[in-house]
Amino acid sequence: MIASLQEYAKHKDGTYVSFEMADQCRDMLDNFVEMNLGLTERVDKKTYHITVIYSRTPVPAAEQFKQNRGITGRAVGYEIFPTKNDGKCLVMRVECPEASNLNAILNGLGATSDYGEYKPHVTIAYNITQEVDPHSMPIPQFPLVFDIVNVDPLDPQFTPENKK
């Protein structure tokens, strides 16, 4: 009982679960983005990940999914998402059944989302000012590998930054 109260308190602002991209894959993806997308701004490769859940409702039971293992996805296209500050965010859409399945499990455990539909993705550029056509951008043909499942208390103040 005490452990569950401590876990609930730890997640008092909500719960964040993500798949962290493997280092070698980060390097490959960053090189691909630099060589093929023609972006003037992009996020730092250290931030490449898939958000599985960003829940403002605490889900302390998510802690059981924290682990290191190989999860593979594949890029299937790009999309422009709105940012918190009415900007634009360029994301690479990823087909990753493990992310979709874990998202559904966490929703079953009480997780909530600010969005109606879960779309696994890797953020490429946050608050992008450059005009881009997400439908004409080349898609990497190598697998995207994620080796760590992170489970953290939600930081409601977090905002990603582009590389300087």
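The entries below go from the ground rules to the fold, and then to the side-chain pairs.

**Ground rules**

I am working with a predicted model, in which local features need pLDDT of at least 70, side-chain atom pairs count only at pLDDT 80 or more, and totals for chains, interfaces and linings use all residues. Numbering starts from 1 along each chain as its sequence is written, and side-chain values use heavy atoms, with hydrogens and water left out.

**Entry: elements**

I began with the inventory, and the protein chain has 3 helices and 6 strands. Here helices (H or I, at least four residues) and strands (E, at least two) are DSSP runs, numbered from the N terminus. Reading from that end, I noted the order α-β-α-β-β-β-α-β-β.

**Entry: the sheet**

In what order do the strands sit in the sheet? I found an open sheet of 6 strands, ordered E2-E1-E6-E3-E4-E5, with antiparallel pairing. Two strands pair if DSSP finds at least two bridges between them. At the edges I noted strand E2 (49–55) and strand E5 (121–125), each pairing on one side only. From one strand to the next, the twist averages 40 degrees. Axes are lines fitted to C-alpha atoms, for helices over the stretch in contact, and angles run from 0 to 180 degrees between N-to-C directions.

I then looked at one pairing up close. Strand E1 (residues 15–21) and strand E6 (residues 144–153) run antiparallel and are joined by 7 bridges. Met21 has Phe146 in E6 as its bridge partner.

**Entry: helices on the sheet**

Helix H2 (residues 23–36) lies across E1, strand E3 (67–82), strand E4 (88–95), E5 and E6, and runs at about 80 degrees to E1. Helix H3 (residues 97–108) packs on the sheet too, touching E1, E2, E3, E4 and E6, and its direction makes about 10 degrees with that of E2.

**Entry: contacts and surface**

I looked at contacts with a separation of 6 or more in the protein chain, and residues 24 or more positions apart account for 85% of them. Of the 164 residues in the chain, 43% are buried. Buried means under 20% relative accessible area, exposed over 50%, and partly exposed in between (1.4 Å probe, protein chains only). The chain exposes about 9,000 Å², with carbon and sulfur atoms supplying 51% of it. These areas come from the Shrake-Rupley method with a 1.4 Å probe, and for residues only the protein chains shown count as cover.

**Entry: salt bridges**

How many salt bridges does the structure hold? I got 12, taking a salt bridge as a side-chain nitrogen of Lys or Arg within 4 Å of a carboxyl oxygen of Asp or Glu.

- Glu98 and Arg69 meet at 1.9 Å, N to O. Glu98 lies in helix H3 and Arg69 in strand E3, so this pair ties together parts 29 residues apart in sequence. Glu98 is partly exposed at 31% relative accessible area, and Arg69 is partly exposed at 34%.
- Lys119 and Glu79 meet at 2.8 Å, N to O. Lys119 lies in the loop between H3 and E5 and Glu79 in strand E3, so the parts tied together are 40 residues apart in sequence. Lys119 is partly exposed, at 22%.
- Salt bridges that share partners join Glu20, Asp23 and Arg26 into one network. Within this trio, Arg26 and Glu20 meet at 3.5 Å, N to O. Arg26 is buried at 8%, whereas Glu20 is partly exposed at 23%.

**Entry: aromatic pairs**

- Tyr16 and Tyr54 are edge-to-face, at 6.3 Å centre to centre and 80 degrees between the planes. Tyr16 lies in strand E1 and Tyr54 in strand E2, so the pair ties together parts 38 residues apart in sequence. Tyr16 is buried at 18%, while Tyr54 is partly exposed at 24%.
- Phe32 and Phe142 have ring centres 6.2 Å apart and planes at 80 degrees, so this pair is edge-to-face. Phe32 lies in helix H2 and Phe142 in the loop between E5 and E6, so the parts tied together are 110 residues apart in sequence. Phe32 and Phe142 are both buried.

Technical notes
Contact means heavy atoms within 4.5 Å. Rings of Phe, Tyr and Trp (its six-membered ring) pair if their centres lie within 6.5 Å; planes under 30 degrees apart count as stacked, over 60 as edge-to-face and the rest as tilted.
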